[in-house]
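Dear colleague,

I am handing over the structure below, and I would be glad if you kept it open while you read the notes that follow it.

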Amino acid sequence: MALIQMKGVTKKYHRSTTALRDMTLSVNQGEFVYLVGPSGAGKSSLIRLLYGEERPTTGSLTVGEFDVTALKNKQVPLLRRSVGVVFQDYKLLPKKTVFENVAYAMEVIGERRSIIKKRVPEVLELVGLKHKMRSFPDQLSGGEQQRVAIARAIVNNPKLLIADEPTGNLDPEISWEIMQLLERINLQGTTVLMATHNSQIVNTLRHRVVAIEDGRIVRDEEEGDYGYND
Ligand code: ADP
């Protein structure tokens, strides 16, 4: 059974803009997939469907055991146990410490305090930031903030980790460190789907490449290259 099963999905906004057109895509547990394509191609729209932020207009979509097409808003937190997300701009809560930012992802799903206290330092250790547990986001570098965001995304042991341009704001050396971390998480069995414009990373750290243009998949290759000149 595929972890992501998308068949004939169309996504329209306000009945005018069509962001995804009759899209069919299947991703198995444990895969690492790069999502590439020009701005406006539909990458973010696809990602928003996968974590329940938007619903398909037509077609069918399942993520793990969830039928996203039929997902009620109150079921979204359940889906978010299975799907962690990180963004280009980290989206950490500025008034919470590193510990509290990561703990928050466990609190919203009703996890017990004793489990939170044990698990948060564990996951911060995994991303190399246990010593910054009491710091606030603005006391951290961009790379460190992204590590916290990744810790928060994986703290509930999701099956799928989605990263929307995770290295977009980071310089090359730090970007590679973030990639090593995503690679390690993937090797532990988590499926990783990463939207990126970073051709160097895609061409060096080879994985499946799904290219989207104008809402359609135009290329899907194992160990593919980036394929655009930007
Ligand atoms: P990408 O992430 O590849 O840049 P997007 O998914 O953001 O592409 O955009 C795909 C298309 O959908 C674009 O034409 C964009 O303008 C449109 N779009 C994206 N989000 C919205 C929205 N919330 N409302 C209306 N149109 C949107």
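**What was found**

Ser141 sits in the loop that runs between helix H4 (113-126) and helix H5 (142-154). Please keep in mind, here and throughout, that this is a predicted model. With a relative accessible area of 39%, Ser141 is partly exposed, because that class covers values between the 20% limit for buried and the 50% limit for exposed. Ser141 and Gly8 are 133 residues apart in sequence, and their C-alpha atoms are 42 Å apart in space.

How many of the ten residues of helix H3 (residues 98-107) are buried? Seven of them are, so H3 is largely enclosed by the rest of the structure. The buried residues of H3 are Val98, Phe99, Asn101, Val102, Ala103, Ala105 and Met106, and they pack against H4 and H5.

Asn186 lies in helix H6 (residues 172-187), and it is buried, with a relative accessible area of 9%.

The next part concerns the ligand. There are 13 residues around the ligand, and Gly40, Gly42, Lys43, Ser44 and Ser45 come nearest. A backbone N or O atom of Gly40 lies 2.6 Å from an oxygen atom of the ligand, and a polar side-chain atom of Ser45 likewise lies 2.6 Å from an oxygen atom of the ligand. For Arg48, a polar side-chain atom lies 3.0 Å from a nitrogen atom of the ligand. On its own the ligand has 560 Å² of accessible area, of which the protein covers 64%. Strand E2 (17-27) and helix H1 (43-50) are the elements that give two or more residues to the shell around the ligand, and H1 provides the largest share, four residues. Sorted by class, that shell has four nonpolar, seven polar and two charged residues.

Finally, which backbone angle would you check at Asn157 and Glu223? Asn157 has a positive phi of about 50 degrees although it is not a glycine, and Glu223, which is not a glycine either, also has a positive phi of about 50 degrees. Asn157 lies in the loop between H5 and strand E7 (160-164), while Glu223 lies in the segment after strand E10 (216-221). Asn157 counts as exposed at 57% relative accessibility, and Glu223 is exposed as well, with a relative accessible area of 55%.

With best wishes

Conventions:
Residues are numbered from 1 along each chain as its sequence is written. This is a predicted model: local features need pLDDT of at least 70, side-chain atom pairs count only at pLDDT 80 or more; totals for chains, interfaces and linings use all residues. Side-chain values use heavy atoms; hydrogens and water are left out. A residue is near a molecule or strand if one of its heavy atoms lies within 4 Å of it. A polar contact is a pair of N or O atoms within 3.5 Å; within protein, one must be able to donate a hydrogen and the other to accept it, and residues adjacent in sequence count only if both atoms are side-chain atoms. Accessible areas come from the Shrake-Rupley method with a 1.4 Å probe; for residues, only the protein chains shown count as cover. Ala, Val, Leu, Ile, Met, Phe, Trp, Tyr, Cys and Pro count as nonpolar, Asp, Glu, Lys and Arg as charged, and the others, Gly among them, as polar. Buried means under 20% relative accessible area, exposed over 50%, partly exposed in between (1.4 Å probe, protein chains only). Contact means heavy atoms within 4.5 Å.
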